[in-house]
Amino acid sequence: MRIFLFELITNRVFLAAVFSWAAAQGSKILFESIRYGFSKERLTGGGGMPSSHTATVTGLTVSAAAVYGPGGFEFPMALFFAIVVVYDAMNVRYETGRQAKVLNEQRRQRIEAGEDPLYDRPFVEKIGHTLPEVVVGAAIGIVIGLIVGLV
């Protein structure tokens with residue numbers, strides 16, 4: 001078990017993904033705390049600037065390319081994983097957030113009209129990402145992936 005943990009925490013590809021996620025999530029918490037005030041939901045929640053999902057998979061992909069090169073299975077596997085995650089963040093999860101806004105507005109209107117809401121609590125609206133949020137997340141992942149992967 002100790003060997004497994006040692007190999008994991010010294011694995012540059014793993015570390016690049018972790019550091020990319022931490023940098024993006026940390027900057028998201030800082031940025032949104034300055035703009036809107038601190039919210040504990042931002043510690044683990046999705047959505048917002050920058051995309052920590054994109055930063056993580058970009059850091060993983062870039063470091064896999066730097067460490068193993070494009071010829072092995074590591075880089076293509078990380079690349080296609082990243083494409084799926086980023087597509088999901090910008091499309092599926094983003095649309096889910098838009099739908100949550102509409103449903104929350106309907107819920108609010110029902111409550112104001114004195115009617116019972118159809119659901120007991122509001123839906124989470126910050127789920128997906130816009131293109132600028134993804135671009136900044138990718139930039140974080142690229143920089144950290146290169147630094148960790150090439151050092």
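**Close-up 1. Arginine 110 pairs up with glutamate 115.** Here arginine 110 makes a salt bridge with glutamate 115, and their closest N and O atoms sit 3.3 Å apart. A salt bridge here is a side-chain nitrogen of Lys or Arg within 4 Å of a carboxyl oxygen of Asp or Glu. Arginine 110 is partly exposed at 28% relative accessibility, and glutamate 115 is partly exposed too, at 40%. "Buried" stands for under 20% relative accessible area, "exposed" for over 50%, and "partly exposed" for anything in between (1.4 Å probe, protein chains only). Elsewhere, salt bridges with shared partners link Glu105, Arg108 and Glu112 into one network. The structure has four salt bridges.

A quick word on what you're looking at: this is a predicted model, where local features need pLDDT of at least 70 and side-chain atom pairs count only at pLDDT 80 or more, while totals for chains, interfaces and linings use all residues. Residues are numbered from 1 along each chain as its sequence is written, and side-chain values use heavy atoms, leaving out hydrogens and water.

**Close-up 2. Arginine 108 meets glutamate 105.** The closest N and O atoms of this salt bridge are 2.3 Å apart. Why is about one helical turn between arginine 108 and glutamate 105? Because they are three residues apart in helix 4. Helices (H or I, at least four residues) are DSSP runs, numbered from the N terminus. Arginine 108 counts as partly exposed at 36% relative accessibility, and glutamate 105 is also partly exposed, at 31%.

**Close-up 3. Glutamate 95 and arginine 98 form a salt bridge.** Their closest N and O atoms are 3.1 Å apart. Both residues belong to helix 4, where they are three residues apart, or about one turn. An α-helix has 3.6 residues a turn, so residues three or four places apart point the same way. Glutamate 95 is partly exposed with a relative accessible area of 34%, and arginine 98 is partly exposed at 46%.

Close-up 4. Helix 3 runs over residues 52–68, so you'll find 17 residues in it. From first C-alpha to last it reaches 24 Å, close to the 24 Å expected at 1.5 Å a residue (the expected span is 1.5 Å times one less than the number of residues). After helix 3 comes glycine 69, with a positive phi near 80 degrees.

**Close-up 5. The structure's one aromatic pair.** The ring centres of tyrosine 119 and phenylalanine 123 are 4.8 Å apart, with planes at 50 degrees, so the pair is tilted. Rings of Phe, Tyr and Trp (its six-membered ring) pair if their centres lie within 6.5 Å; planes under 30 degrees apart count as stacked, over 60 as edge-to-face, and the rest as tilted. Buried or partly exposed: which is tyrosine 119? Tyrosine 119 is buried at 17% relative accessible area, whereas phenylalanine 123 is partly exposed at 37%.

**Close-up 6. A nonpolar surface patch.** Met1, Phe4 and Leu5 make up this patch, with about 380 Å² of accessible area together. Leucine 5 lies in helix 1 (residues 2–9) and is partly exposed at 42% relative accessibility. Patch members have over 30% relative accessible area and no salt bridge; like charges are joined within 9 Å, and nonpolar side chains (Val, Leu, Ile, Met, Phe, Trp, Tyr) within 5 Å. Accessible areas come from the Shrake-Rupley method with a 1.4 Å probe, and for residues only the protein chains shown count as cover.

How values were computed. Helices (H or I, at least four residues) and strands (E, at least two) are DSSP runs, numbered from the N terminus.
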